[in-house]
Each structure stands twice: as structure tokens, then as C-alpha cells.
Amino acid sequence: MRGGAAMPLPDVMFCAQQIEIPPEFPDILKQFTKAAIRTQPRDVLQWSAAYFSALSKGETLPVKERYEMPVATQKNNTGLTPGLLKILHNQLSQKHVVDEAELVEKWKDLGLPYQQLQKILHLGKLESEIEWMKFLALACSDLGGSLFSALKYACEILTTDPTGGAAHISFETFKYLYTYLAKMDAEITEFEIEATLQALQEDVKKQGGLIQPRNFKNLNKKQRGASEVQRNQT
């Protein structure tokens, strides 16, 4: 009819026999729903796009290994958590050196604040090509309020022990992370760093070259002790 209102489209009725649901579709939705509940993304649409993009490419999914309760020892609530950092580690660590643009993309996919990423990169003077283990150390430091907390988070993220276990990692990895973070603290001397590493050797030998947070829980005390020894020698 000319000049008249457009006629509404008629309702189309389908019977069950006419609707074909791909056999894998229900399981895809089930796994997606479980992943979303476990991960609790801040930006559901952004995260969902990243999830299905990774799924279609066979890449590591941006999914937490388990539901994560708030951690009282975190020194900020700006977004980054051990669980989210573990996702980034699973996605990026195999490259050893990560392109900054890719890190920014993965960071934003998790709904994390860009300002926090900039702060971490600036602290370590990291840009363009980023050594992953240095970034991980700095991010763990951003999570924790002390050197011990940062290294404990690193152990929990890097360990292959079962969840809730001792969180062992190789001593060589620990040595790299500890030395890198300790050298950024102007109050910790080279002598203290070496003394601390030496003091841990007995536990490391007993554990076949591995170390766990329980071994360095008195890290600050050992450093104070090393300082006193140094003063007595001078």
C-alpha cells in the first residue's frame, strides 16, 4: 500500500524438526559459561571476544584455573590479581620476549587498567621488546607489599605443584627473580643479596635444587642479619 505504514513481518513458526543445532554447540556454551563464572571478567564483552578468538585459533584461553577469592595481602584493588597474572603468564611466557603491543592487547582483554600496566613497565624501564620474567617479577611486586610477598606470588604462579601445595620452583629461577627485584631496592646491597642466596643453599640442596616460600619466609630477617655482618666486617 502506497503511503501507508510498513506492514509488520509475519511471525514465522518453526518446528523442532526444522531447527538444526550443531552438535558441538551446547558444549561450547557450557564451557564458555563455566569459564566466565570462574574468571569473573570485568568487561564481559571484551573478555568474551578474546575468549572466542583464542578458542578459534587454538590459543591459550583467558580463563582462570579456579574461582579466585579476594586476597587480603594485595596492596591494591586496581584489578590485577594472582589469577589474572597467571592467565597472562600462560598466554605469553613461552615467547620469553614479548612484544609490548601484544602484552597491551592481552592486558586489556582481561579488563585491567592501562595505567597500572604503564606503571609496571615504567618501573622496570621496559618497552617494545619485553623480557617476560622481568615483567612477571615486577607485576608480582605490584601485587605484594614486600619482597617476600612478591616472590611468594611468583612461586605460586610458576610452580607445577598441585594447587595449595608447597609451590616449589627451581632455585635458578628464584635466584633470577630475587636478584632482579632486590637490585631495584636501593637499601639492599650486593653483599646482602649474595648472603641471602648463600643462606638458602642448605634447603635448596635438600629439595633437589628447588625452593619454596617456606624456605625464604624470613627473607627480611636474613637481610638484616647480613647487614649486621657487613657492618662488623667494616
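1. The lining of the largest cavity comprises four nonpolar, two polar and one charged residues (Ala, Val, Leu, Ile, Met, Phe, Trp, Tyr, Cys and Pro count as nonpolar, Asp, Glu, Lys and Arg as charged, and the others, Gly among them, as polar). These residues are Thr 39, Gln 40, Pro 41, Arg 42, Trp 47, Leu 84 and Leu 110.

2. This is a predicted model, in which local features need pLDDT of at least 70, side-chain atom pairs count only at pLDDT 80 or more, and totals for chains, interfaces and linings use all residues. Residues are numbered from 1 along each chain as its sequence is written, and side-chain values use heavy atoms, with hydrogens and water left out.

3. The volume of the largest cavity is about 30 Å³. On a 1 Å grid over the protein atoms alone, a cavity is a set of points where a 1.4 Å probe fits but cannot get out, and a pocket is an open set with protein on both sides within 12 Å along at least five of seven lines; lining residues have an atom within 4 Å of a point.

4. The largest pocket has a volume of about 640 Å³. Among its 29 lining residues, Arg 66, Pro 82, Glu 156, Ile 157 and Thr 163 are the closest to its centre. Helix 7 gives the most to this lining, with six residues.

5. Gly 209 counts as partly exposed because its relative accessibility is 33% (buried is under 20%, exposed over 50%, partly exposed in between, with a 1.4 Å probe and protein chains only). His 168 is 41 residues away in sequence and 9.7 Å away in space, C-alpha to C-alpha.

Definitions and conventions. Grid points are joined across faces, edges and corners, and a volume is the space filled by probe spheres set on the points. Helices (H or I, at least four residues) and strands (E, at least two) are DSSP runs, numbered from the N terminus.
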